[in-house]
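Biologist: Please take a close look at the charged pairs for me, one by one. I have the sequence and the model open, and I would like to follow along.

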Amino acid sequence: MNHLYDALFAPHTTNDAPFLESDDGSIMSFRDFVSRAAQMAHVLAELGLAPGDRVVVQASKLVDTIALYAGAVQAGAVYLPLNTAYIAAEVAYFVGDAAPRLIVCDPKDEATIAGDSGAKVLTLAPEGGSLSAMADAMPVLFETAERGPDDLAALLYTSGTTGRSKGAMMTHDNLLSNAKSLTDLWQITDADRLVHALPIFHTHGLFVAMNTSLVAGAAVRFMSGFNVETILSELPVSTMLMGVPTFYTRLLADDRFDAEACAKMRLFVSGSAPLLAETHVAFEERTGHRILERYGMTETNMITSNPFEGERIAGTVGYALPGVEVKITNPDNGDDVQRGDIGMIEVRGPNVFQGYWNMPEKTAEELREDGFFLTGDLATMGEDGRITIVGRAKDLVISGGYNIYPKEIEDLLNDQPGVSESAVYGIPHPDFGESVIAALVPEGGAEIDVAQLQEVVERDLARFKQPRVYLVMDALPRNTMGKVQKNVLRAEHPA
Ligand code: MLC
Ligand code: AMP
């Protein structure tokens, strides 16, 4: 048996219904997709990948990229997707930490991406020599590798509030249990057509969107990236959209987006970042649809969801998913708080990861022995179990659905000449929800060369993490314990 493969992919072996509809109009059936996945699995096996070996994938959103995910599952490999915005220095860390046997990347990075890791490198280009070309020559049946519910299926890196990124180890059942719950809850069926405009290197686009479509047998309009124009043309012939709040604010900014455009749609899902209540309200006024907001994390998949039937309340993330336990605790001592009081969200269930790759101490800090994971999100729980997120105990900025950890940027800035210390914080942004500001304090008598600093930042950090504004100040505001007060910075220097 192969826990995930048997449920997601094997049932489609003889399914001729359309699955992936690409920007160029081409349509791949479920049956052909499963065949393509088998060809990918053959290549992996031929390259010597044994079950448990990692495959790093930093590649554009192509049909073959998602077939490679399926092929990795079938071959028993551990799929490790990376944000295409990550630059060489960032990727080098992931490759060093995960020690993959194979790296699959876009052609521009082929020569350099492996560094001295010894990993084999291939691309998904159509030309000869690529992984895609190798797959073309392979049989369309593959003897599926044995994998149980607790075996690893994926490794997803998530930045940390302290130090380097951590690889969240996701098992076959972490992914499958969550995909089944969401499919049931949101009543996804083979009559659905999902507009898929999210990237496929994160939990939302890869697991929430793709795995539920596979469980249900729903068609997917597989867009290479988000753009309002294409979404507007696809909505009238689709039933579902999953997105980050930026998708919804951008759609609302276009007058053509109205009830008529959404006439066939039955569900809009939002997550990965807080959806402003005003966006929820404006959306309903414009379209007559109430966005369904859900909440999750890389380490836990989805945790809560507003109901499909029943009240979807703006500003809340709904109830714990079936089989998932959520409690709200005092961050100081871990005790449950009173209903209605603010505390940290802790979560336990089949959705919760196994721990961080190679980091037992970090795992022990965030995953209690009794199985509850500390999310770092602050919330209240109503008498009926409804959760409202009110803030974060972790120092994190979420921009357009991407997580940015200030610590990573501060560490880089603090290392630069003339910088005594820095504080990176988020401020509200109309498009991305939040955007990044860096406050810098010069070393005594020194002048900070912001232009030079920016060059270093551009060299070492992905674009979406780069501060949009740099402020130079004499000192950072601190509380009596000496801790930098980012709330004061936000209030006094909102841009
Ligand atoms: C792009 N840019 C961003 C950005 N996305 N900057 C900050 N934050 C972002 N999220 C940069 C670009 O590099 C570009 O830089 C400039 O901003 C403008 O780009 P754009 O053309 O407007 O961006 P676009 O390509 O349209 O992308 C915006 C977006 C995209 C919102 C569509 O960021 C996106 O797909 N976000 C989804 C993220 C996601 O899937 N999150 C799920 C994580 S899983 P320049 O050089 O032009 O200035 C998770 C768990 C859970 O959180 O619960 O789901
Ligand atoms: P990631 O580590 O990328 O998986 O991001 C997970 C974080 O995104 C969570 O810990 C939350 O802080 C945030 N998040 C996800 N969904 C929501 C939501 N619906 N509302 C508020 N925050 C959310």
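Modeller: Glu-21 and Arg-193 form a salt bridge, with 2.7 Å between their closest N and O atoms; the term needs a side-chain nitrogen of Lys or Arg within 4 Å of a carboxyl oxygen of Asp or Glu. Glu-21 belongs to strand 1 (residues 18–21) and Arg-193 to strand 9 (residues 193–196), so the bridge ties together parts that lie 172 residues apart in sequence. Strands here are DSSP runs of E with at least two residues, helices are runs of H or I with at least four, and both are numbered from the N terminus.

A word on how to read this: the model is predicted, so local features need pLDDT of at least 70 and side-chain atom pairs count only at pLDDT 80 or more, while totals for chains, interfaces and linings use all residues. Residues are numbered from 1 along each chain as its sequence is written, chains are lettered from A and ligands numbered from 1 in the order in which they are written, and side-chain values use heavy atoms, with hydrogens and water left out.

Back to the pair: Glu-21 is buried at 14% relative accessible area, and Arg-193 is buried at 12%. Buried means under 20% relative accessible area, exposed means over 50%, and partly exposed lies in between, with a 1.4 Å probe and protein chains only. The pair also belongs to a network of salt bridges that links Glu-21, Asp-23, Arg-193, Arg-221 and Glu-234. Across the whole structure, a search finds 27 salt bridges.

Another one joins Glu-346 to Arg-368, whose closest N and O atoms are 2.8 Å apart. Glu-346 sits in strand 17 (residues 343–348) and Arg-368 in the loop between helix 11 (360–366) and strand 18 (373–381), so this bridge ties together parts 22 residues apart in sequence. Glu-346 counts as buried at 0% relative accessibility, whereas Arg-368 is partly exposed at 31%.

Next come Lys-394 and Asp-377, whose side chains meet in a salt bridge at 3.7 Å, N to O. This pair links distant parts of the chain, 17 residues apart: Lys-394 is in the loop between strand 19 (387–392) and strand 20 (397–399), and Asp-377 is in strand 18. Lys-394 is buried at 16% relative accessibility, and Asp-377 is buried at 7%.

Glu-447, Asp-449, Glu-455 and Glu-458 form a negative surface patch. Patches are made of residues with over 30% relative accessible area and no salt bridge, with like charges joined within 9 Å and nonpolar side chains (Val, Leu, Ile, Met, Phe, Trp, Tyr) within 5 Å. Accessible areas come from the Shrake-Rupley method with a 1.4 Å probe, and for residues only the protein chains shown count as cover. Asp and Glu count as negative and Lys and Arg as positive, while His and the chain ends are not counted; each charge is placed at NZ of Lys, CZ of Arg, CG of Asp or CD of Glu.
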